[in-house]
Amino acid sequence: MLKGKIAVVTGGTRGIGYAIVRKFLQNNAQVVLFGLKKETVKKALEKLTKENPSWKVEGSWPDLTDTVDVEREIKRIQENYGKIDILVNNAGVSDDKGIDEYNVEQFTKIMQINVDAMIRTILPTVKGMKEHGGGCIINTSSMVSKNGQPGGVAYPVSKFAVNGLTVSLARELGPYQIRVNAVAPGVTKTDMITELPDEELQPIVQMIPLQRIADPENVADAFLFLASDMASYVTGAILPVDGAAIV
Ligand code: NAD
């Protein structure tokens, strides 16, 4: 579904991002995954190459809080591959502090990664996409971007912002044939969740009409759809992949 496409996926070393990278590779895209550290990037690349040595994947670890570093890396990819067709802004951090434990620095730190970092990758990527006549950007939102959550306020705030960024850019960039969408996952089986004891997990499962938490592959399928030509008339969508969970 993605033959000939060049994709960049941030936060691609584990969890949902890793599943997106795998799904894109299985569908014949070439992928550059971004990670936090050289070691985790190396480990993810080894795992992928072991699974299929013919997959065309490389990795890097630009500092997503550093505009110059991110711009340099995006430009390098554009020069090496000639273009970027798909940008997935997936890197993110969550938070569960109560309001009394909060300080402005903590709030800003979450916004820096979950929102500002998206703009850092988007600005240089969009320049190239405009020159090449189009492209697609997919941002990772969350089910908490509907009703918020009681605690860790910066996290839902950041995901509401992701939705705002997505729908606004979809309108601005539509005339350039750049589609901008978001996927809003529900509770998904990543490291964070699998560490939860059963007595904490079960009440969560009870709130999900589909009666199970998502596998990262379920979420990655939505990214594949939005990245593919099957979604050629879909832009400005925030696609929930949450089993209709009510939080
Ligand atoms: P995860 O913690 O397994 O992965 C997060 C990824 O982001 C990692 O690859 C990590 O390296 C990267 N990252 C974090 N901080 C970074 C930084 N400072 N610089 C560069 N990279 C950084 O979590 P996940 O569940 O796979 O989360 C992926 C996305 O999905 C996030 O945006 C998260 O908010 C969203 N999400 C997750 C769930 C869930 O239940 N797991 C639900 C809704 C939304």
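Helices (H or I, at least four residues) and strands (E, at least two) are DSSP runs, numbered from the N terminus. Residues are numbered from 1 along each chain as its sequence is written. The model is predicted, with local features needing pLDDT of at least 70 and side-chain atom pairs counting only at pLDDT 80 or more, while totals for chains, interfaces and linings use all residues; side-chain values use heavy atoms, and hydrogens and water are left out.

Two loops hold residues with a positive phi. Gln211 lies in the loop between helix 8 (198–206) and helix 9 (216–227), and its phi is near 60° although Gln211 is not a glycine. Asn28, in the loop between helix 1 and strand 2 (30–34), is also not a glycine and has a positive phi of about 70°. Most residues other than glycine have a negative phi.

Just after helix 4, Gly133 has a positive phi of about 80°.

Next come the rings. The charged end of Lys130 sits over the ring of Tyr176, 4.3 Å from its centre; this requires NZ of Lys or CZ of Arg within 6 Å of the ring centre and within 35 degrees of the ring normal. Lys47 likewise lies over the face of Tyr18, at 4.5 Å from the ring centre.

What surrounds the ligand? There are 23 residues around it, the closest being Arg14, Ile16, Asn90, Tyr155 and Thr188; a residue counts if one of its heavy atoms lies within 4 Å. A ligand oxygen is 2.8 Å from an N or O atom in the side chain of Arg14. For Gly11, a polar backbone atom is 3.3 Å from an oxygen atom of the ligand, and for Gly186 the corresponding distance is 3.4 Å. The protein covers 89% of the 830 Å² of accessible area that the ligand has on its own, by the Shrake-Rupley method with a 1.4 Å probe. Helix 1 (15–26) and helix 6 (154–173) are the elements that give two or more residues to this shell.

How values were computed. A polar contact is a pair of N or O atoms within 3.5 Å; within protein, one must be able to donate a hydrogen and the other to accept it, and residues adjacent in sequence count only if both atoms are side-chain atoms.
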